[in-house]
There are 2 protein chains.
Amino acid sequence: MKIAVIGSGAVGLYYGARLKRAGHDVRFLLRRDYDAITAGGLTVTSPSGDFHLPEVKGYRDTSEMGEVDLALVALKTYDNDKLAELVRPVVGERTAILTLQNGLGNEELLAEAFGAGLVMGGIAIIGVNRGEPGTVHHLALGSIRLGEFGGGRSPRALALAETFNAAGVQCQAVEDLRRVRWEKLVWNVPFNGLCALLNRTPGFFLAKAESAALVRALMEEVVAGANAQGLTEPIPASFITDNIERTVTHTADYRPSMMIDRIEGRPLELDAIYRIPLKHARRHGVRMVRVEMLLALLAAGEQER
Amino acid sequence: MKIAVIGSGAVGLYYGARLKRAGHDVRFLLRRDYDAITAGGLTVTSPSGDFHLPEVKGYRDTSEMGEVDLALVALKTYDNDKLAELVRPVVGERTAILTLQNGLGNEELLAEAFGAGLVMGGIAIIGVNRGEPGTVHHLALGSIRLGEFGGGRSPRALALAETFNAAGVQCQAVEDLRRVRWEKLVWNVPFNGLCALLNRTPGFFLAKAESAALVRALMEEVVAGANAQGLTEPIPASFITDNIERTVTHTADYRPSMMIDRIEGRPLELDAIYRIPLKHARRHGVRMVRVEMLLALLAAGEQER
């Protein structure tokens, strides 16, 4: 399968590396890591075994990548105004476009540019950070759930899930993409924001009663916002407890992407993770007051762009 | 008048200095500034004119201070478990005890120890910071409103207000002490907490639409909590707008006491400014959700004591 990985942060590099290792023709759009990867290949450290890919196809521009079967989009959403333009050169009539970007609004942008029929979305439940150029550190978890933008478990989605599974990535095709998008927000909304805001990892907030209650209250707001969207199946309250327990076990010391974005002086993904979900919730009559407050605190620290 | 200033942070030093300069016998309980002040006196820089008091009575222990007419309490509230014990040596049958401490719960503690009849409280609307030992910087504003713990504009309260006015401190005796305590919380709750949390001054939060709206929403919660207490007169909505405008004009770059407490590694006054007001509001059926959230974020960063 010809695959273009567009957006080679930690998530793009990691899944692209797994797919390449399974024998696919994977082409990476690279910026920071271009020199290191084209010269020396790509290294993945992982609890399931480190590996090195000595020869990796890297590109500086999508116009050089050629048409592919799968466009795997893993760009930061704060560059979404350039998203369609960037993806266009690799897209043909039968290209599947899978966005693993954070938050809400990404499939909509791609569907507007390429038609809803090409677009799929997915969420990655993974702890992964970039290391030195040419190295990505897989820390914990790693599964993907993907689905059609238009909904329904299509043959194409099932086949793509199988492709990931064969590459050592647990993957499931889901009926309702919106549901899994919102499910991921249940974690991302509290922890991306809180960790970026105070430069602390999730365990810090779960260690004290008042802030642990705040994490739970933020999650409850997101679940209420989600369940107002008319999902195929509502998110149950137990999802919150499970999510917190999984965080304590697996990602208490993990630095969420937004925390790293702030440390490294990049913009934060406030539209995808906060503003668009807030708008969707409000449209269905749900006010997420604490989420609004977290957004306001994060927005106060952003530079004008 | 014999006056004991108990708690010689910026507020205690400043008002004590004004009273001494007006001719009163002012005795300061000193810790950090003991050596500097007993050796070299006390310097006040102020927009209304700098002054120096060469001979200042300083004490390390209230047991050496003698009985006074007025005990001016300006201690940090996080030491309130030792409050009564500390004040006791200066209190006689006719001593007025005036606490200018932050937040709620201070008069109650003093009343429990000495009887409600001795206790008055007040709020200082002032921008004042400590400088080098022996120096206090008066930056802006400076007025006091004081009243009886038991309520009502007593002859004693009116006389004390007159004493302050004669010393160059604008002072008003009020009918309803609880109202002015809550009025001050309308500023302290958002700005003490936000500034301490992100290590930024008030202007930072008022500069962007989302965070300025958050400041206003926090103030609205406090006003709702206040007006549920059955004050003699409710706090009007216009109070919030005036307060924000005054902040922009006078204290946009001011570092609130809680911000300085956090910078200097001291505990924060979370009980007086957050937990006790939250309890009072909840008792009258008002949930201050954003205030709770701010408390949770602040509490997460506190050391166990």
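Reader: How many residue pairs are in polar contact across the interface of chain A and chain B?
Author: Six residue pairs, both residues at pLDDT 80 or more. A polar contact is a pair of N or O atoms within 3.5 Å; within protein, one must be able to donate a hydrogen and the other to accept it, and residues adjacent in sequence count only if both atoms are side-chain atoms. pLDDT is the predictor's confidence in each residue, from 0 to 100.

Reader: What should I know about the model itself?
Author: This is a predicted model: local features need pLDDT of at least 70, side-chain atom pairs count only at pLDDT 80 or more, and totals for chains, interfaces and linings use all residues. Residues are numbered from 1 along each chain as its sequence is written, chains are lettered from A and ligands numbered from 1 in the order in which they are written, and side-chain values use heavy atoms, with hydrogens and water left out.

Reader: What are the confidence values?
Author: Chain A has a mean pLDDT of 96, and 100% of its residues reach 70 or more. For the complex, the predictor gives an ipTM of 0.89 and a pTM of 0.91.

Reader: Back to the chains. How many salt bridges lie across the interface of chain A and chain B?
Author: Two. The rule wants a side-chain nitrogen of Lys or Arg within 4 Å of a carboxyl oxygen of Asp or Glu. A:Arg275 pairs with B:Glu210, closest N and O atoms 2.8 Å apart. B:Arg275 pairs with A:Glu210, also with 2.8 Å between the closest N and O atoms. B:Arg275 sits in helix 11 (residues 270-283) of chain B and A:Glu210 in helix 8 of chain A, so this pair joins two chains.

Reader: Which helix of chain A gives the most to the side that touches chain B?
Author: Helix 12, with 10 residues. Helix 6 (177-198), helix 7 (202-206), helix 8 (209-227) and helix 12 (289-300) each supply at least two. Helices (H or I, at least four residues) and strands (E, at least two) are DSSP runs, numbered from the N terminus.

Reader: How much area do chain A and chain B bury?
Author: About 2100 Å² between them, 68% of it on carbon and sulfur atoms. That is accessible area (1.4 Å probe) that two parts lose on being put together, summed over both. In chain A, A:Lys208, A:Glu210 and A:Met293 lose the most to chain B, together 30% of what that side buries.

Reader: And how many residues are in contact?
Author: 25 of chain A with 25 of chain B, counting heavy atoms within 4.5 Å.

Reader: New topic. How is chain A divided?
Author: Into domain 1 (2-175) and domain 2 (179-303). The bounds come from an automatic or database domain assignment.

Reader: What do the two domains of chain A bury between them?
Author: About 2100 Å², 56% of it on carbon and sulfur atoms. On the domain 1 side, A:Tyr78, A:Asn102 and A:Leu104 lose the most area to domain 2, together 33% of what that side buries.

Reader: How many salt bridges there?
Author: Three between domain 1 and domain 2 of chain A. The side chains of A:Glu107 and A:Arg181 also meet in a salt bridge (2.6 Å, N to O).
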